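Open your viewer and get your selection tool ready. We will go from one stop to the next, with a note on what to select and what you will find there.

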Amino acid sequence: MPLINKNISVIMPAHNEGDRIYENLIKTHKVLKRTFISHEIILVSDGSKDNTKKNIENFIKKNKDIKIMLINQENKGRSLSREIGAKNAKYLNLLFIDSRCEAEKDTLRIIKLKNYKTIIGSPLSRTESKLERFNQLIR
């Protein structure tokens with residue numbers, strides 16, 4: 001997939017996602033790096049009581065070349081976490097994904113083709129694919 005001549009801010013609220021956040025960040029960055037010329041990832045640790053914050057900080061330390069911001073806050077819920085992330089976003093194009101979601105290359109291709117400004121992803125149910133979920137959200 002060719003690079004998209006756009007910048008994007010990815011906003012990812014996380015609440016007690018320590019067991020999966022690190023791997024998710026690796027996968028998300030890999031897809032973004034192949035798709036967008038410039039991107040940033042904004043993580044909002046929403047009152048996590050587990051090792052979410054520690055794992056995000058470890059990811060940041062090991063990946064200094066990635067534009068990534070960590071915002072720590074008391075638990076305010078996913079909606080307010082997204083809002084706080086959006087207020088701190090550097091770019092106009094926003095991709096909101098839950099920390100349990102991954103930015104899939106097909107989703108980013110759809111963003112390019114449709115020229116969407118904002119996309120929101122949510123956790124999957126056991127019966128739907130990742131692309132089915134995003135297709136429902138962007139119609």
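Is Glu 83 buried, partly exposed or exposed? At 39% relative accessibility, Glu 83 counts as partly exposed; buried means under 20% relative accessible area, exposed over 50%, and partly exposed in between, with a 1.4 Å probe and protein chains only.

Before moving on, please keep two notes in mind. This is a predicted model, in which local features need pLDDT of at least 70 and side-chain atom pairs count only at pLDDT 80 or more, while totals for chains, interfaces and linings use all residues. Residues are numbered from 1 along each chain as its sequence is written, and side-chain values use heavy atoms, leaving out hydrogens and water.

**Stop 1: the whole chain**

Show the cartoon and colour it by secondary structure. There are five helices and five strands in the protein, and along the sequence they follow the pattern β-α-β-α-β-α-β-α-β-α. Helices (H or I, at least four residues) and strands (E, at least two) are DSSP runs, numbered from the N terminus. Of the 139 residues, 47% are buried. Among contacts with a separation of 6 or more, 74% are between residues 24 or more positions apart.

**Stop 2: salt bridges**

Lys 87 is exposed, at 62% relative accessible area.

By this rule there are three salt bridges. For another, select Glu 57 and Lys 53, which meet at 3.8 Å, N to O. They are four residues apart in helix 2, or about one helical turn. Glu 57 is partly exposed at 31%, and Lys 53 is partly exposed at 36%. Then pick Glu 17 and Arg 20, whose side chains meet at 2.8 Å, N to O. Here Glu 17 is buried, with a relative accessible area of 5%, whereas Arg 20 is partly exposed at 36%.

**Stop 3: the two sides of helix 2**

Select Thr 52, Asn 55, Ile 56 and Phe 59, the buried residues of helix 2. They cover an arc of only 100° around the axis, which puts them on the same side of the helix; the arc is that of the directions from the helix axis to the C-beta atoms. On the other side of helix 2, Lys 54 and Lys 61 are exposed.

**Stop 4: an aromatic pair**

A search of the whole structure finds one aromatic pair. The ring centres of Tyr 22 and Phe 59 are 5.3 Å apart and the planes are at 80°, so the pair is edge-to-face. Rings of Phe, Tyr and Trp (its six-membered ring) pair if their centres lie within 6.5 Å, with planes under 30 degrees apart counted as stacked, over 60 as edge-to-face and the rest as tilted. Tyr 22 lies in helix 1 (residues 21–35) and Phe 59 in helix 2 (residues 52–62), so the pair ties together parts that are 37 residues apart in sequence. Phe 59 is buried at 1% relative accessibility, while Tyr 22 is partly exposed at 24%.

**Stop 5: the nonpolar cores**

Next, select Val 10, Met 12, Ile 21, Leu 25, Ile 41, Leu 43 and Ile 68. Of the 15 residues in the largest nonpolar core, these touch the most other members; such a core is a set of buried Ala, Val, Leu, Ile, Met, Phe, Trp, Tyr and Cys residues joined through side-chain atoms within 4.5 Å. Strand 1 (4–14), helix 1, strand 2 (36–46) and helix 2 each give two or more residues to this core, and strand 1 gives the most, with four. Centre on Leu 25: leaving aside neighbours within four places in sequence, Leu 25 is in contact with Met 12, Ile 41, Leu 43, Ile 56, Phe 59 and Ile 68. A second, separate core has six residues, including Ile 11, Ile 42, Ile 71 and Leu 94.

**Stop 6: a loop tyrosine**

Finish at Tyr 91, in the loop between helix 3 and strand 4 (94–96). Tyr 91 is buried, at 12% relative accessibility. Not counting residues up to four places away in sequence, Tyr 91 touches Asn 7, Ile 8, Ser 9, Ser 38, His 39, Glu 40 and Lys 67.

Technical notes:
Contact = heavy atoms within 4.5 Å. Salt bridge = Lys/Arg side-chain N within 4 Å of Asp/Glu carboxyl O.
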